[in-house]
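This report is for a reader meeting the structure for the first time. Please look at the sequence and the model before reading on.

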Amino acid sequence: MVEGPHPNSTFPRPTFFILTGIPGLGGAQAWLTLVFGPMYLLALLGNGTLLALVQMDSTLQQPMFLLLATLAATDLGLATSIAPGLLAVLWLGPRPVPYGACLAQMFFVHALTAVESGVLLAMAYDRAVAVGRPLHYPLLVTKTRVGYAALALALKAVAIVVPFPLLVARFEHFRAKTIGHAYCAHMAVVELVVGDTRANNLYGLALSLAVSGIDILGITASYGLIAHAVLRLPTREARAKAFGTCSSHICVILAFYVPGLFSYLTHRFGRHTVPKPVHILLSNIYLLLPPALNPLIYGVRTKQIRDQLLEIFTIRKSQL
């Protein structure tokens, strides 16, 4: 029997935590591997293919596609930081995870989520320059600047997310070692802490609002500039073509922020109305759905990627 929380008892810092998956579903949660397993497989194959295409084809080594490759690498890391452990818990039941590994997972999940949000903002600026100032685009958006932007996003994510595991590591006593979640989410671990957790709660809230809020405002501003530039074009065909260059990015933004916003709102304001299994299910969908969908969206809607894939398949078919 899995140990549950004991309100009147405290335990020294455990050497490991026990992840329970999605409490309340019991043995039925094993069926969720049929949902999350294919999502992880799509994330691996799709993002791996995109990275390989950008690496092999010199015509795709342009700022726009280098940003896409950065997004694909982030998606690979994000999906891999959660999916293997999630699938093991869903299929095999509650699993132990070492204390240090739990803190490491906490860091990588939150850091890579912050990087992904930042990459989407960088891609929005890229599209704003491409549509608003097409003649200056080669001068303003270069491979070097994309590289610096990717490095800055990684450093920013590390700087703002490192406090999460550090704020948890300062506590010496816990109410239990069983985490009622499918991965080591920051607040799921904090719920077990014995002590004053106001700093953890405030930092988590401030970080969520600051990172996502600022990125969403930046993306909104970028698309305001794009809309202004598109509406000034003389013909309907020109406007449709200009806005079409942004369609893939808009779909990716919706795939990332809509599940994330829904998960955040239900967690913050629906604790007493939305069952806990729904909270946990939404948080896992939020982390795994975008990595699975992003390569499909760009593969279907970006002509250069479609052409390169068709060329590869045509060559292999002729060799057979």
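The model is predicted, so local features need pLDDT of at least 70 and side-chain atom pairs count only at pLDDT 80 or more, while totals for chains, interfaces and linings use all residues. Residues are numbered from 1 along each chain as its sequence is written, and side-chain values use heavy atoms, with hydrogens and water left out.

A pair of aromatic rings is described by the distance of the centres and the angle of the planes. Rings of Phe, Tyr and Trp (its six-membered ring) pair if their centres lie within 6.5 Å; planes under 30 degrees apart count as stacked, over 60 as edge-to-face and the rest as tilted. The count by this rule is six aromatic pairs. Two of them involve Phe256.

| Pair | Centre distance | Plane angle | Type |
|---|---|---|---|
| Phe256 and Tyr257 | 4.9 Å | 80° | edge-to-face |
| Phe256 and Tyr286 | 5.6 Å | 45° | tilted |

Phe256 belongs to helix 10 (residues 247–269) and Tyr286 to helix 11 (residues 276–301), so their pair ties together parts 30 residues apart in sequence. Helices here are DSSP runs (H or I, at least four residues), numbered from the N terminus.

Phe256 is buried at 3% relative accessibility, and Tyr257 is buried at 12%. Buried means under 20% relative accessible area with a 1.4 Å probe, protein chains only. Tyr286 is buried as well. Elsewhere, Phe17, Tyr99 and Phe174 form one aromatic cluster.

The unreviewed UniProt entry lists transmembrane regions, including residues 65–91 and 146–168; such annotations may be inferred rather than shown by experiment. Residues 65–91 are 100% helix, with end C-alpha atoms 37 Å apart.

Methods. Buried < 20%, exposed > 50% of the residue type's maximum accessible area, 1.4 Å probe, protein only. Helix = DSSP H or I, 4+ residues; strand = E, 2+ residues; numbered from the N terminus.
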